[in-house]
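Here is a short note to read beside the model.

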Amino acid sequence: MFSDTFDIVVIGAGHAGCEAALACARMGQKTLLVTLNLDALAMMPCNPSIGGTAKGHLVRELDALGGEMGRAIDDVFIQSRMLNTRKGPAVHSLRAQADKKAYQLRMRKAVDECENLSLRQAEVRRILVENGRVAGVETTTGSRVACRAAVVCSGVYLNSRIIIGECSWNGGPQGLLAANALTQNLMDLGFSIRRFKTGTPARLDGRTIDFSRMEPQYGDEPVVPFSFLTDGAALKNRAMCYLTYTTPRTHEIILRNLHRAPMYSGSIHGTGARYCPSIEDKVVRFQDKDRHPIFMEPEGLYTVEWYAQGMSTSMPEDVQREIYASIPGLEHAALVRLAYAIEYDCIDPTQLDATFRARHIEGLYCAGQVNGTSGYEEAAAQGLYAGVNAALYLQGREPMRLTRADAYLGVLVDDLVTKGVDEPYRMMTSRAEYRLLLRQDNADLRLTELGYRVGLASRARYEKMLKKREDTAEGRRLLDRLHLTDRLRHPEATYDGLRAERPELPDYPADVKEQLEIDAKYEGYLRRQDADRQRFLKMEDTPLPPDADYLNLSGLRIEARQKLDAQRPRSLGQASRIPGINPGDVTVLMIWLKSRER
């Protein structure tokens with residue numbers, strides 16, 4: 001019946017699938033990574049970058065747990081910048097331009113060299129389930145592979161459709177095939193399916209762009225790495241980006257042709273991302289603005305293609321050419337690839353528990369855009385989380401759970417499985433209630449011990465984190481003993497500035513100095529937020545019985561009974577965040593729990 005046997009099969013080799021497969025294999029599970037096209041492994045079909053506001057936090061957290069994305073981008077980036085540096089450290093976010101092809105090759109190398117991990121090009125059409133448990137997968141060519149767990153990382157390929165003006169066809173990003181069989185299987189397995197939409201700008205020939213009419217955008221020096229294992233001293237920027245703007249002429253062209261825009265003509269049915277709108281959507285929604293920024297970014301060092309960030313559209317080809325020609329510096333630019341929109345199927349993520357396992361099927365996990373998210377970073381972080389938990393499930397160990405108070409990844413997981421999504425989900429710093437504690441600079445101090453404990457983070461990574469923690473504690477004790485902590489609290493004060501006056505202060509690594517400065521300058525705020533965090537954790541640590549009969553629980557409103565019965569929250573805290581559950585319902589649950597104790 002089965003042609004082969006693995007512990008875990010990962011379906012899809014995008015950013016979620018690669019991290020999931022690497023995590024499973026590194027934790028000792030015999031893993032198969034199946035994908036439609038091996039040449040598209042870790043492909044960047046949209047922007048050629050990793051990180052950005054809040055997304056940089058996810059990459060740092062993924063790295064701290066033992067993931068691959070941070071190390072990969074450090075190896076192949078061509079320009080790096082720290083965003084939001086005029087604001088506080090809670091919202092500082094690293095972003096790096098990638099050489100897209102080099103990034104794919106770097107991730108392929110990591111996958112190829114990983115012990116316990118096999119690759120296969122095929123389309124999975126069915127997940128085989130026996131007695132409520134995953135038993136294997138079946139491909140469209142009839143091959144059956146036995147496994148005890150599966151991780152679905154199908155990205156935007158499920159029944160995907162490309163739309164450019166009046167023209168559309170079934171297909172995946174960048175001319176790849178769609179996955180047309182798996183959606184029906186997921187529906188047969190009891191998943192609720194919704195239709196989402198995303199899009200991408202055109203690619204332009206850099207030889208036809210007049211960069212003299214644009215503003216140069218320089219990278220940061222020195223370069224800050226994503227991975228806590230990377231030596232930043234060896235990193236150098238190798239490319240330039242540029243800034244230009246739309247014009248009133250651009251907006252006039254768009255408004256004149258709005259009846260031909262698929263998102264306004266009714267030919268697009270999927271729900272798009274609110275925080276990543278197309279250029280036509282921006283022009284319609286913000287008619288008071290006479291221009292919108294367009295960032296020109298190179299796709300790599302060995303290609304002439306450039307990416308026009310901020311110019312996503314699904315307008316017809318002739319309109320696209322007219323729009324781009326209306327932008328300073330792009331008057332004579334040649335379009336190498338047209339912009340397009342893509343519709344695709346995804347699941348309702350509230351059907352997953354807090355480990356990304358399907359509530360109704362043991363051994364089945366989902367991660368990435370199939371969960372209704374957008375972005376490489378959100379996908380990769382989910383992939384690692386689902387992969388770790390699939391491996392722990394097979395090992396008979398307790399799952400890895402991250403709360404909103406632990407990590408941005410915890411916020412992401414909780415938002416998806418508790419609140420659900422009605423549009424493609426994007427991580428933002430405003431979603432994290434405890435963002436002053438969950439900074440990107442301390443992701444290793446927060447998460448590496450957990451990654452090491454579950455068996456993913458290496459011993460070398462763990463020891464490096466311990467040294468940083470010990471040096472930071474030692475430095476704080478020394479500052480307190482020398483009565484220098486108050487001086488370090490001044491906005492302009494730095495640890496190196498104090499050292500110039502007090503040579504007895506050790507010359508710690510830059511990351512330790514950063515911790516000492518942040519801890520001193522924000523001590524009062526950190527203490528206050530930690531107190532809020534403790535109150536949150538108390539609610540999270542109040543478990544709700546898994547077999548609770550909510551439908552017959554007196555005192556609860558009908559809507560609350562139905563929501564609680566459908567989602568089966570793990571804790572009182574999670575229950576309080578379910579849409580439709582109000583404070584009165586939470587009070588009823590608290591009284592009911594106390595009566596059970598008595």
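1. A term first: helices here are DSSP runs of H or I with at least four residues, numbered from the N terminus. By that numbering, N257 sits in the loop between α6 and α7 (262–265). The model is predicted. Is N257 buried or exposed? N257 counts as buried because its relative accessibility is 9%, and the cut-off for buried is under 20%.

2. What does N257 touch beyond four places in sequence? Its contacts there are M315 and V319. N257 and M315 are 58 residues apart along the chain, yet their C-alpha atoms are separated by 8.4 Å.

3. Now look at helix α6 (residues 248–256). Its buried residues include T250, H251, I253 and I254. These residues lie on the same side of α6, because they cover an arc of only 160° around the axis. An α-helix has 3.6 residues a turn, so residues three or four places apart point the same way. The buried residues of α6 pack against α8 (279–285) and α9 (317–325).

4. Next, the cores. The largest nonpolar core has 129 residues, and Y103 and L409 touch the most other members. Helix α10 (residues 376–394) gives the most to this core, with 13 residues. Apart from it lies another core, of 25 residues; M214, I254, V283 and L335 are among them. In soluble globular proteins, nonpolar side chains tend to be buried together.

5. Which residues does L409 touch, not counting those up to four places away in sequence? The partners are L58, E61, L65, A381, Q382, Y385 and L402.

6. K100 deserves a look. It is found in helix α4 (residues 100–112). K100 is buried, with a relative accessible area of 10%. A polar atom of the K100 side chain lies 3.0 Å from the backbone oxygen of C46. Leaving aside neighbours within four places in sequence, K100 is in contact with M44, P45, C46, P48, R203 and E299.

7. Overall form. The protein comes to 20 helices and 22 strands. Its radius of gyration is 25 Å, which agrees with the value near 25 Å for a compact globule of 598 residues. Along the principal axes, the C-alpha atoms fill a box of roughly 70 × 70 × 50 Å.

8. Of the 598 residues, 59% count as buried. The protein exposes about 24,700 Å², and carbon and sulfur atoms supply 50% of that area. Among contacts with a separation of 6 or more, residues 24 or more positions apart account for 73%.

9. Backbone details to check by eye. A cis peptide bond joins E221 and P222, with omega about 0°. P222 is in the loop between β16 (215–217) and β17 (241–245).

10. N84 is not a glycine, but has a positive phi of about 65°. It lies in the loop between β5 (77–83) and β6 (93–98). With a relative accessible area of 25%, N84 is partly exposed.

11. H483 is not a glycine either, and has a positive phi of about 60°. H483 is in the loop between α13 (459–481) and α14 (485–488). Is H483 buried or exposed? H483 is exposed, because its relative accessible area is 68% and the cut-off for exposed is over 50%.

Definitions and conventions: Residues are numbered from 1 along each chain as its sequence is written. This is a predicted model: local features need pLDDT of at least 70, side-chain atom pairs count only at pLDDT 80 or more; totals for chains, interfaces and linings use all residues. Side-chain values use heavy atoms; hydrogens and water are left out. Helices (H or I, at least four residues) and strands (E, at least two) are DSSP runs, numbered from the N terminus. Buried means under 20% relative accessible area, exposed over 50%, partly exposed in between (1.4 Å probe, protein chains only). A polar contact is a pair of N or O atoms within 3.5 Å; within protein, one must be able to donate a hydrogen and the other to accept it, and residues adjacent in sequence count only if both atoms are side-chain atoms. Contact means heavy atoms within 4.5 Å. A nonpolar core is a set of buried Ala, Val, Leu, Ile, Met, Phe, Trp, Tyr and Cys residues joined through side-chain atoms within 4.5 Å. The radius of gyration is taken over C-alpha atoms; the globule rule is 2.2 Å times the number of residues to the power 0.38. Accessible areas come from the Shrake-Rupley method with a 1.4 Å probe; for residues, only the protein chains shown count as cover. The arc is that of the directions from the helix axis to the C-beta atoms.
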